[in-house]
Amino acid sequence: MTTMSALSAYVVANQAIQTADILQLPPSNLRRELQHPPCRFHVKQPTHIFQILATHGRNQKPRMSAFAVPDENNKAEMGSSHDDPVLVLSKSNKSSKDPDVKVVASSSHSQANFCPNSEQTGSQGILDKLKAVHLHVLASEQWNASLLKLCHRNYLVSATNLVHYLALKCLDLEQLNEDLSSVGLLNLETVNSHILASLTAAIRLLETLKLNSLNTKENIGPRIDTQNRIDQLKNEKFTIHTMKKAFSDGELLLGPLQHDKTTHIMVTVGQEALGSETLITDLIKMGASIIRINCAHGNPSDWSEIIRRVKRSSQLLEKPCRILMDLAGPKLRTGKLKPGECVMKISPKKNATGNVNFPAQVWLCHKGAGPPAHFTPDAVLFIDDQEFFSKINVGDTVRFHDIRGRKRMLKICRRLDVFSGTGYVAECSRTAYVESGTELYVKRKKLKFPIGKVVDVPSIEPFIRLRVGDLLIISRDCLCEQDELPGPTSSAPIIACSSGLLFDSVKPGDPIAFDDGKIWGVVQGTSISEIIVSITHAGPKGTKLGSEKSINIPESNIWFEGLTSKDLMDLDFVSANADVVGVSFVRDVRDIVVLRQELEKRKVQNLGVVLKIETKSAFEKLPLLLLEAMKSSNPLGVMIARGDLAVECGWEKLADVQDEILSVCNAAHIPVIWATQVLESLVKSGVPTRAELTDVASGRRAGCIMLNKGKHIVEAVKFLDGILDGSSIKM
């Protein structure tokens with residue numbers, strides 16, 4: 001009989017075993033069979049057992065916790081020596097109270113001959129360690145077979161690879177990675193997309209090296225028989241042909257990439273797109289391939305017009321462009337403030353002494369004819385008279401009285417033809433306040449000739465300016481006015497929040513954040529209809545808080561319904577008109593189940609689904625959320641909504657959180673959308689910061705980068721498109 005010599009390969013993980021929902025034990029009869037592995041095998045050839053052993057301190061006395069063995073078909077099975085219903089290796093910091101506890105993975109011929117202190121050197125030792133990891137990964141697949149069977153066939157390969165990835169992340173592979181690097185092989189931290197294929201390829205390479213380096217007459221001893229399993233992989237799912245899986249999934253959701261591009265560009269649009277005939281055309285022309293509409297703002301009439309313009313521009317430019325619509329979700333938001341005055345301020349740029357350096361640039365046009373993409377005016381005035389443009393010429397001076405009764409002038413400098421008509425560029429050298437109904441005229445031969453009136457001047461966006469130490473009242477009553485609340489807090493600004501969940505969930509001392517964490521406060525007192533907040537963080541000169549801004553209470557156990565009644569109504573429109581639906585504030589598997597049921601009711605199997613990860617709960621349960629979403633055939637994606645995510649998880653953890661989301665989604669072959677404040681300074685002021693440039697560089701790992709709306713959005717899209725150009729990346 002062949003000598004039963006032990007092959008021990010140790011993979012040490014510094015955390016103890018912890019329960020998890022994702023791994024399920026096999027039937028009890030199988031568990032009983034495997035509790036004493038040596039008794040199962042009565043064969044002449046060596047048998048191999050993969051063990052997970054917990055050891056304590058220096059004594060290194062192993063206590064078997066879980067193991068895997070090849071069955072008759074050379075497939076790994078898993079068992080347990082505990083009565084716990086679930087077992088998993090975890091990298092959680094909370095996993096163990098005993099710092100000396102370690103977890104050891106071992107591959108041996110006989111449990112009796114297992115020797116935890118034996119050491120392996122050279123390529124043989126690396127090979128044995130790698131085979132142990134390989135069996136651990138195969139065991140995880142068998143352990144989760146019932147869960148994987150529930151996934152749609154389109155996602156079976158991706159779901160299986162996700163399970164392999166989670167199994168690999170349970171182990172501390174730092175030493176093994178160093179050993180692999182020393183012989184010029186892969187690093188296990190970089191093979192997320194194809195775990196099993198990479199492991200089997202590395203094993204075959206090492207076995208080939210060993211065969212070439214050893215004398216053929218030398219007895220190399222028994223080894224783990226993985227060759228049959230590797231040969232099966234050639235004809236099964238984990239082959240070289242699956243390497244394009246992630247790219248095909250991204251194309252199904254986001255559409256094909258154009259002209260060697262590596263990443264899509266998504267742009268959020270709203271009411272400003274309806275005020276300009278050229279904005280959407282310019283965005284698509286500059287490189288945007290997805291237009292995003294937020295259902296938290298606007299109405300179906302506005303959305304329909306935006307979609308019509310997107311489809312028209314896409315056809316004219318012969319550039320594909322998809323529509324993503326975000327459901328508002330159960331997000332807490334500030335209520336609407338009383339609208340401000342409909343006044344537009346025209347301000348020339350002045351130096352420190354108050355002298356004008358540059359006159360204000362004003363765009364004059366009829367309603368709907370926005371300025372061209374290359375021109376960013378300081379103000380836009382719509383003129384009601386269509387004959388206005390035939391009554392003036394370049395060089396004319398247009399005169400008017402502003403709302404203060406002061407005489408002001410506009411010097412006509414240029415005439416520009418745009419997509420929807422003609423407009424004029426004028427200069428104003430003195431500050432003016434213009435309202436709807438302001439009459440414009442020209443003087444010729446000392447006579448006044450009216451040429452039109454200003455119309456549709458938008459209202460000033462209302463806001464409350466908050467400083468550190470201020471009190472803020474949050475009222476349940478949306479119609480509440482400040483002077484209706486008597487008492488010592490009557491001078492404090494008031495803002496509404498219609499959600500009763502907020503008033504039922506907070507208590508004095510809870511931190512609260514507004515507008516994605518731009519303003520922070522502490523709850524001082526609560527009642528049925530009011531919450532009093534003391535502001536603890538704001539800008540040096542105060543920070544503006546406007547209508548429909550986010551409210552976060554990160555330390556509260558507030559419970560939200562997955563889809564609100566508004567979401568269900570909006571989903572009818574989205575299903576009929578959009579290519580992708582974004583699901584906001586996903587928290588647990590129940591939200592995915594409800595969404596899948598609603599999509600099945602509407603029979604929309606081809607509608608893409610994007611899970612917005614913006615809560616701590618969603619981040620911690622991301623693998624489970626993905627596996628649940630994979631039960632349907634709808635194209636699937638994930639958005640890293642970094643605004644709320646930073647508030648929920650902590651600013652200092654955001655970089656690690658977003659990298660972990662990218663890593664998990666890469667393992668699941670799920671495309672990722674990189675969102676929130678990308679190139680924000682460029683979008684709003686026209687000049688990017690250096691930190692924004694490196695943020696975009698990190699975002700190239702995602703399948704799509706999203707830009708929010710702003711004054712310089714067209715220039716930002718062009719700039720981002722240049723960064724994402726394939727030739728610049730290769731340089």
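Predicted model: local features only at pLDDT ≥ 70, side-chain atom pairs only at ≥ 80, totals over all residues.
Helix α18, spanning residues 622–629, is mostly covered, with seven of its eight residues buried. Here, buried means under 20% relative accessible area, while exposed means over 50% and partly exposed lies in between, using a 1.4 Å probe and protein chains only. The buried residues of α18 are Leu 622, Pro 623, Leu 625, Leu 626, Leu 627, Glu 628 and Ala 629. Helices (H or I, at least four residues) and strands (E, at least two) are DSSP runs, numbered from the N terminus.

Residues are numbered from 1 along each chain as its sequence is written, and side-chain values use heavy atoms, with hydrogens and water left out.

**Strands around β30**

Let us turn to strand β30, residues 580–583, which is covered on both faces: Val 580 and Gly 582 are buried on one side, and Val 581 and Val 583 on the other. Two strands pair if DSSP finds at least two bridges between them. Strand β10 (residues 322–326) runs parallel to β30 and is joined to it by three bridges, with Met 325 opposite Val 581. β31 also runs parallel to β30, through four bridges, and there Val 581 faces Val 609. The chain passes from β30 through α16 to β31 in a right-handed β-α-β crossover; right-handed means that, with the strands pointing away from the viewer, the path from the first strand over the helix to the second runs clockwise.

**The largest cavity**

The structure holds two cavities of 30 Å³ or more. A cavity is a set of points, on a 1 Å grid over the protein atoms alone, where a 1.4 Å probe fits but cannot get out, and lining residues have an atom within 4 Å of a point. Grid points are joined across faces, edges and corners, and a volume is the space filled by probe spheres set on the points. The largest cavity holds about 90 Å³ of space. Its lining includes Ile 592, Arg 596, Val 609, Ala 629 and Asn 634. α16 (589–602) and β31 (608–613) are the elements that give two or more residues to this lining, and α16 gives the most, with four. The lining divides into eight nonpolar, two polar and one charged residue. In this count Ala, Val, Leu, Ile, Met, Phe, Trp, Tyr, Cys and Pro are nonpolar, Asp, Glu, Lys and Arg are charged, and the others, Gly among them, are polar.

**An open sheet**

Elsewhere, six strands form an open sheet with mixed pairing, in the order β24-β23-β27-β26-β25-β29. β24 (494–496) and β29 (551–552) stand at the edges with a single partner strand each, so one side of each lacks a neighbour in the sheet. β26 (residues 519–526) and β27 (residues 530–537) pair in the antiparallel sense over six bridges, and Gly 525 stands opposite Ile 532 in β27.

**Some buried residues**

| Residue | Relative accessibility |
|---|---|
| Cys 170 | 9%, buried |
| Cys 428 | 0%, buried |
| Ile 203 | 0%, buried |

The structure holds zero disulfides, a disulfide being a pair of cysteine sulfur atoms within 2.5 Å. Ile 203 sits in helix α7 (residues 195–213). The C-alpha atoms of Ile 203 and Leu 127 are separated by 6.4 Å, although the two residues are 76 residues apart along the chain.

Note on methods. 1 Å grid on protein atoms, 1.4 Å probe; cavity = no way out; pocket = protein on both sides within 12 Å on 5 of 7 lines; lining within 4 Å.
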